[in-house]
Amino acid sequence: MADGLRQEAMRLGFARVGIAAAAVPPHHGEFQGWLEAGRAGVMKPWLARHEPLRRNLEAILPGARSVVMLAIDYAIGAGPGREDLDAGHGRVARYARGEDYHDLLRERLNALATWLEARVPGTRARGVVDSAPVAERDFAQLAGLGWFGKNTMLIDPRAGSYFLLATLVTDLELSVDQPLETDHCGTCTACLDACPTGAFPAPRILDATKCISAITIEDHGPIPRALREGVGDWIFGCDICQEVCPWNRHAPGSKEPAFQPGDGESLDLVELLGLDDRGFRERFRGSPILRAKRRGLLRSAAITLGNHPHPPAFRALATASADVEPTVRGASAWALGRWIMAGVMVAEARRVLEPRLAIEIDPEVRAEVLAALDPSPALPYSPQL
């Protein structure tokens with residue numbers, strides 16, 4: 001039955017399949033310690049609430065005996081380097097450049113579950129794509145789909161790390177695959193060295209409070225000042241620790257139509273800053289980018305313009321400094337302050353910021369405006385114009 005299941009999964013469009021026994025995730029203790037250390041950032045409430053469920057697949061499917069882990073490659077034109085970026089644009093992680101993967105994987109998982117239940121009457125199966133607390137990487141490692149890289153990503157020696165995981169839990173006992181025991185990272189620390197925000201305090205430990213992906217996707221509030229320059233031009237997600245990984249030279253890329261980039265590798269920052277709530281929802285309907293919410297995406301767009309001043313975007317940035325969302329106003333004020341530090345449209349930026357002090361009531365935004373108008377010489381700044 002396991003062989004037939006693999007063949008059907010491949011027919012449905014999955015690239016690789018591995019099977020593990022339903023058991024307590026082997027790294028659950030480390031996961032608990034990670035939570036207790038406060039490294040989950042804004043994700044901690046959800047992760048902590050569901051932590052007891054994560055260790056027990058019975059909570060997903062009573063009588064669970066096997067876990068089928070499925071991988072699908074998502075990167076279009078994958079390679080170890082990064083693409084050039086047009087001025088006035090923000091960078092988007094590869095996985096988010098096409099349609100929302102949840103719908104695609106859920107449809108294929110449901111089809112696979114239906115196939116299995118029809119082949120073995122009485123069998124139950126449940127597909128999971130980020131919809132339940134499953135330790136996907138743990139089970140994928142047990143199922144032989146890769147090893148944990150020093151950047152915490154699952155790395156497949158045949159395919160690198162540009163792939164998504166989906167899970168099928170069943171009460172049918174299936175023959176299992178052997179885990180990949182060898183750590184093929186060796187002495188390489190390219191991913192750790194390349195992270196501009198220092199999100200890896202140690203190999204295989206991620207501090208989500210400093211991770212650009214977590215910051216730009218999950219956290220919709222102000223970005224800590226110490227991390228803003230490191231965010232660079234990323235407005236949704238980040239691929240840096242994957243771009244530098246030597247194993248991604250082997251990434252096969254993807255021909256999946258759903259992952260074809262509708263907007264290319266980047267988004268126009270002026271366009272983003274002009275979106276209202278309705279415009280944001282319409283613009284990104286069916287895209288993973290909706291997860292950032294309008295305030296998070298526009299905040300990140302403003303931060304990018306602070307790191308990379310682009311004079312044609314000045315009017316949009318000035319308008320955003322009066323946005324209804326305090327987070328967007330604060331980020332825009334910070335960005336204009338960076339322009340002042342860089343000597344870019346200084347008088348114009350001051351004419352926008354100074355009137356804000358008379359009307360701004362949010363204390364955090366006022367602090368951003370004051371700091372922007374009086375940038376400290378103790379903070380060296382070399383913008384990329």
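**Exercise 1. A loop glycine**

In which loop is G122 found? Determine also whether G122 is buried or exposed.

Solution. 
- Step 1. The model is a predicted one, and G122 is located in the loop that runs between α5 and β4.
- Step 2. The relative accessibility of G122 is 73%. Since the threshold for an exposed residue is over 50%, G122 counts as exposed.
- Step 3. For the spatial setting, take L172, which is 50 residues away from G122 along the chain. The C-alpha atoms of the two residues are separated by 9.3 Å.

**Exercise 2. Confidence in the model**

Solution. 
- Step 1. The chain has a mean pLDDT of 93, with 95% of its residues at 70 or more.
- Step 2. Where pLDDT is low, the predicted coordinates should not be read in detail.

**Exercise 3. The four-stranded sheet**

Derive the strand order of the sheet that contains β1, and identify the helices lying across its strands.

Solution. 
- Step 1. The order is β1-β2-β7-β4; the sheet is open and its pairing antiparallel.
- Step 2. At the edges stand β1 (16-21) and β4 (125-128), each of which pairs on one side only.
- Step 3. With direction ignored, neighbouring strands are turned by 20° against each other on average.
- Step 4. Six bridges join β1 to β2 (residues 66-73) in the antiparallel sense. Within this pairing, R16 stands opposite A71, and the bridge partner of G18 is M69.
- Step 5. Five of the six residues of β1 are buried, so this strand is largely enclosed by the rest of the structure.
- Step 6. Helix α1 (residues 2-12) lies across β1 and β2 and runs at about 140° to β1. Helix α5 (residues 101-119) lies across β2, β4 and β7 (163-170), at about 30° to β7.

**Exercise 4. The three-stranded sheet**

Which strands form the open sheet of mixed pairing, and why is one side of each edge strand left without a neighbour in the sheet?

Solution. 
- Step 1. The sheet consists of three strands in the order β8-β3-β9.
- Step 2. The edge strands β8 (234-236) and β9 (266-268) each have a single partner strand, so one side of each lacks a neighbour in the sheet.
- Step 3. From one strand to the next, the twist averages 45°.
- Step 4. Strand β3 (residues 89-92) pairs with β9 over three bridges in the antiparallel sense; H89 stands opposite D268 of β9.
- Step 5. Helix α13 (residues 293-307) packs on this sheet and touches β3 and β8. The direction of α13 makes about 170° with that of β8.

**Exercise 5. Buried residues**

Is D239 buried or exposed, and which residues have the most contacts inside the largest nonpolar core?

Solution. 
- Step 1. D239 lies in the loop between β8 and α10 (240-243).
- Step 2. The relative accessible area of D239 is 1%. Because buried means under 20%, D239 is buried.
- Step 3. With neighbours within four places in sequence left aside, D239 is in contact with A93, R94, R97, Y162 and W234.
- Step 4. The largest nonpolar core has 83 residues, and F14, L70, L168 and L272 have the most contacts inside it.
- Step 5. Under the exclusion of neighbours within four places in sequence, the contacts of L272 include I235, L267, F284 and L297.
- Step 6. A separate second core has 21 residues, among them A135, A140, F148 and L165.

**Exercise 6. The two sides of a helix**

For helix α2 (residues 28-36), determine which of its residues are buried and which are exposed.

Solution. 
- Step 1. H28, F31, W34 and L35 are buried.
- Step 2. These residues cover an arc of only 115° around the axis, which puts them on the same side of α2.
- Step 3. E30 and E36 are exposed on the other side of α2.
- Step 4. The cover over the buried residues of α2 includes α3 (44-49), α4 (51-54) and α6 (136-142).
- Step 5. Just after α2, G38 adopts a positive phi of about 75°.

Definitions and conventions:
Residues are numbered from 1 along each chain as its sequence is written. This is a predicted model: local features need pLDDT of at least 70, side-chain atom pairs count only at pLDDT 80 or more; totals for chains, interfaces and linings use all residues. Side-chain values use heavy atoms; hydrogens and water are left out. pLDDT is the predictor's confidence in each residue, from 0 to 100. Two strands pair if DSSP finds at least two bridges between them. Axes are lines fitted to C-alpha atoms, for helices over the stretch in contact, and angles run from 0 to 180 degrees between N-to-C directions. Contact means heavy atoms within 4.5 Å. A nonpolar core is a set of buried Ala, Val, Leu, Ile, Met, Phe, Trp, Tyr and Cys residues joined through side-chain atoms within 4.5 Å. Buried means under 20% relative accessible area, exposed over 50%, partly exposed in between (1.4 Å probe, protein chains only). The arc is that of the directions from the helix axis to the C-beta atoms.
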